[in-house]
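This report describes one protein model for a reader new to structures. Please look at the sequence and the fold before reading on.

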Amino acid sequence: MAEFTLKPREDDTLKLNIGEESFQIPLATSMTFTEAAQMNTNEGAIDFFKKYIRPEVAETLTIGNWREVLLAWSDASKKAAAAMGGTGAGES
């Protein structure tokens, strides 16, 4: 019989600084399948980030700000996946 024990690992996060505050956003490598599924739309992605960014701060962000956050998160997620020996989102 084969056996495998999954060892807990520290979550990969992006430290997002907005003004004087910092927020820890889980990277794709630390997301559940349910969380990842909601990233298929811009609205779902923003809803995901809003779980980790204080509402009063999130509401001040512009479309341009959200684009920058999404790009930074995506880049960090790809690097984390590569470090694990995998490929980033959209790569094969």
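Among contacts between residues at least 6 apart in sequence, what percentage join residues at least 24 apart? The share is 44%, where contact means heavy atoms within 4.5 Å.

The model is predicted: local features need pLDDT of at least 70, side-chain atom pairs count only at pLDDT 80 or more, and totals for chains, interfaces and linings use all residues. Residues are numbered from 1 along each chain as its sequence is written, and side-chain values use heavy atoms, with hydrogens and water left out. The pLDDT is the predictor's confidence in each residue, from 0 to 100. Its mean for the protein is 89, and 92% of the residues reach 70 or more. Over residues 88–92 the pLDDT is below 50, and beyond near neighbours in sequence this stretch has five contacts in the model.

The protein has four helices and two strands, in the order β-β-α-α-α-α from the N terminus. Helices (H or I, at least four residues) and strands (E, at least two) are DSSP runs, numbered from the N terminus. The elements described below are these:

| Element | Residues |
|---|---|
| Strand β1 | residues 13–18 |
| Strand β2 | residues 21–26 |
| Helix α2 | residues 42–50 |
| Helix α4 | residues 63–83 |

β1 and β2 pair in the antiparallel sense over six bridges; two strands pair if DSSP finds at least two bridges between them. They form a hairpin with two residues between them, and Gly19 in the turn has a positive phi of about 60°. Lys15 stands opposite Gln24 in β2. In a regular strand the side chains alternate between the two faces of the sheet. In β1 the covered face has Leu14, Leu16 and Ile18, and the uncovered face has Thr13, Lys15 and Asn17.

α2 and α4 pack at an angle of about 80°, with their axes 11 Å apart. α2 is therefore roughly perpendicular to α4, a term for angles of 65 to 115 degrees. Ala45, Ile46, Phe48, Phe49 and Lys50 in α2 meet Trp66, Val69, Leu70 and Trp73 in α4. The residues of this contact divide into eight nonpolar, no polar and one charged.

Trp66, in helix α4, is buried, with a relative accessible area of 6%; buried means under 20% (1.4 Å probe, protein chains only). Leaving aside neighbours within four places in sequence, Trp66 is in contact with Ile46, Phe49, Lys50, Ile53, Ala58 and Leu61. Trp66 and Ile46 are 20 residues apart in sequence and 7.6 Å apart in space, C-alpha to C-alpha.

Technical notes: Buried < 20%, exposed > 50% of the residue type's maximum accessible area, 1.4 Å probe, protein only. Axes fitted to C-alpha atoms, helices over the stretch in contact; angles between N-to-C directions. Parallel < 35°, antiparallel > 145°, perpendicular 65-115°, else oblique. Nonpolar A, V, L, I, M, F, W, Y, C, P; charged D, E, K, R; others polar.
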